[in-house]
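Try each task before you read its solution.

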Amino acid sequence: MKKTLLLCFIHGFKGGESTFGDNYAFTEHLRQLVAADLPKININVVVYPKYETRGDLGECVARFRDWLTNKVIDLEVAAGTSSPTIDPSVRVILVGHSMGGIVAAETAIELSSDKPIHGSTDPAVEDPKLDHRTADSAPLHRPPSPSSLMFPYIQGVLGFDTPYLGIAPTVFAHGVEGHYATASAALSQLSSLTSLLGAKGAQAQSNATTQKRQIAALPAPEKKEEQQRNNGSAWGNWGKIAMVAGAAAAAAAGGAAAYYNRDQITQSVSWATSHLEFVGVLYRREELRRRVAYMVRLNNDLGVGFGNFYTRLGRAAGSKEVSMVGTVMGNERTFCVLPKKDSAGDWKEAINDKAKDEVTAHISMFDLKDNPGYTKMAHDARDMIVKWLQNDWYESSNGDVISA
């Protein structure tokens with residue numbers, strides 16, 4: 001039987017068709033590169049639908065896990081695999097951009113241990129004698145032993161500018177913290193409209209909260225003109241939240257709530273809450289550290305690959321004064337906090353000599369026009385995946401091609 005490696009791409013915050021290049025060009029490019037070096041197996045690609053990486057991380061992972069399981073089951077049925085949980089013919093590489101990489105890691109952790117990091121507690125807080133350390137050398141308990149009976153079987157987790165350890169201080173110096181505060185203020189103002197909306201509006205807002213799991217509750221894609229306006233600014237979506245806040249304030253001040261459609265206001269509250277809830281994961285430092293520690297153990301115990309390509313500014317960037325760390329040289333500026341001493345997987349820099357700031361480098365990783373380092377990054381990603389497949393599962397593959 002010729003086995004199949006499924007490259008599953010996961011969008012980050014509010015990702016769309018251009019996240020992985022125009023019309024997902026990078027996904028096919030990487031597939032071709034990997035296929036050329038791994039001829040014994042089929043290389044298939046799937047992309048998780050846009051706008052689904054949102055809301056509570058646990059619920060987001062649950063939705064993604066169900067979706068991925070169905071995709072893998074379809075391939076196993078097509079292959080006629082007799083025992084897919086014991087001897088799967090399909091293995092998966094989860095490829096996530098930005099927050100998509102955190103969804104990928106959390107999924108691998110749940111599949112191998114059934115004990116999610118998100119929302120859990122750290123026993124080391126109660127017993128400081130528990131083992132040991134993480135990527136930034138702070139005390140941390142030893143993650144539980146993973147199980148090899150994963151289904152779907154995750155062969156590796158590959159992040160692209162995923163802030164596994166948080167967002168670098170220089171990015172906050174460019175205004176992220178201000179945008180986050182603006183968005184939080186917007187939520188407060190929107191919530192204050194409940195009294196103006198009346199009982200029906202309050203109930204609608206409550207229903208929106210309880211229906212976070214439903215895909216049907218997701219907002220419609222932006223119109224083309226709006227996308228073009230937002231693309232001019234890396235923080236177009238934060239601006240949308242700010243506009244919602246302005247509308248809320250105007251309504252509250254003028255007593256003109258009836259002028260606004262209640263459903264639209266409720267949807268705005270749901271949209272803003274959902275996305276702030278999602279990116280809020282980056283503020284849970286202990287969870288970030290424990291997630292990395294578990295992925296390192298998963299790599300050591302089961303050979304599950306764990307890597308991250310992080311953007312670093314190059315020739316076009318200047319130095320930046322950051323109050324908390326002093327002056328950061330242009331060629332030291334990254335979007336992600338980097339691991340310090342302890343193992344944190346395979347982290348490789350993806351230098352962008354054209355980008356002038358961290359956010360631009362972050363959102364243009366897969367754009368050949370705006371990222372001069374695109375080709376090198378693609379080949380380095382190929383090499384990392386190929387290294388992860390040097391195992392008995394790959395060597396035992398043979399036979400006919402399995403169609404996607």
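**Exercise 1.** Keep in mind that this is a predicted model. Work out how far apart Asp301 and Arg297 sit along helix 10, in helical turns.

*Solution.* Start with the spacing: Asp301 and Arg297 are four residues apart in helix 10, so about one helical turn separates them. Next, look at the side chains: they form a salt bridge, with the closest N and O atoms 2.8 Å apart. Finally, check accessibility. Asp301 has 37% and counts as partly exposed, while Arg297 has 14% and counts as buried, because the cut-off is under 20%.

**Exercise 2.** Find which parts of the chain the Lys40 and Glu395 pair ties together.

*Solution.* First, the contact: Lys40 and Glu395 make a salt bridge, their closest N and O atoms being 2.7 Å apart. Then place the partners. Lys40 is in the loop between helix 1 and strand 2, and Glu395 is in helix 13, so the pair ties together parts 355 residues apart in sequence. Lys40, at 33% relative accessibility, counts as partly exposed, and Glu395, at 43%, counts as partly exposed too.

**Exercise 3.** Describe how helix 3 and helix 10 cross.

*Solution.* Begin with the axes: those of helix 3 (residues 99-113) and helix 10 (residues 285-302) come within 10 Å and cross at roughly 60°. That angle makes helix 3 oblique to helix 10. The contact involves residues including Ile102, Ala105 and Ile109 of helix 3, and Leu288, Met295 and Leu298 of helix 10. Sorted by class, the contact has eight nonpolar, two polar and two charged residues. As for handedness, the crossing of helix 3 and helix 10 is left-handed.

Notes. Residues numbered from 1 in each chain as written. Predicted model: local features only at pLDDT ≥ 70, side-chain atom pairs only at ≥ 80, totals over all residues. Heavy atoms only, no water. Axes fitted to C-alpha atoms, helices over the stretch in contact; angles between N-to-C directions. Helix = DSSP H or I, 4+ residues; strand = E, 2+ residues; numbered from the N terminus. Parallel < 35°, antiparallel > 145°, perpendicular 65-115°, else oblique. Left-handed = near helix turned anticlockwise from the far one by under 90°. Contact = heavy atoms within 4.5 Å. Nonpolar A, V, L, I, M, F, W, Y, C, P; charged D, E, K, R; others polar. Salt bridge = Lys/Arg side-chain N within 4 Å of Asp/Glu carboxyl O. Buried < 20%, exposed > 50% of the residue type's maximum accessible area, 1.4 Å probe, protein only.
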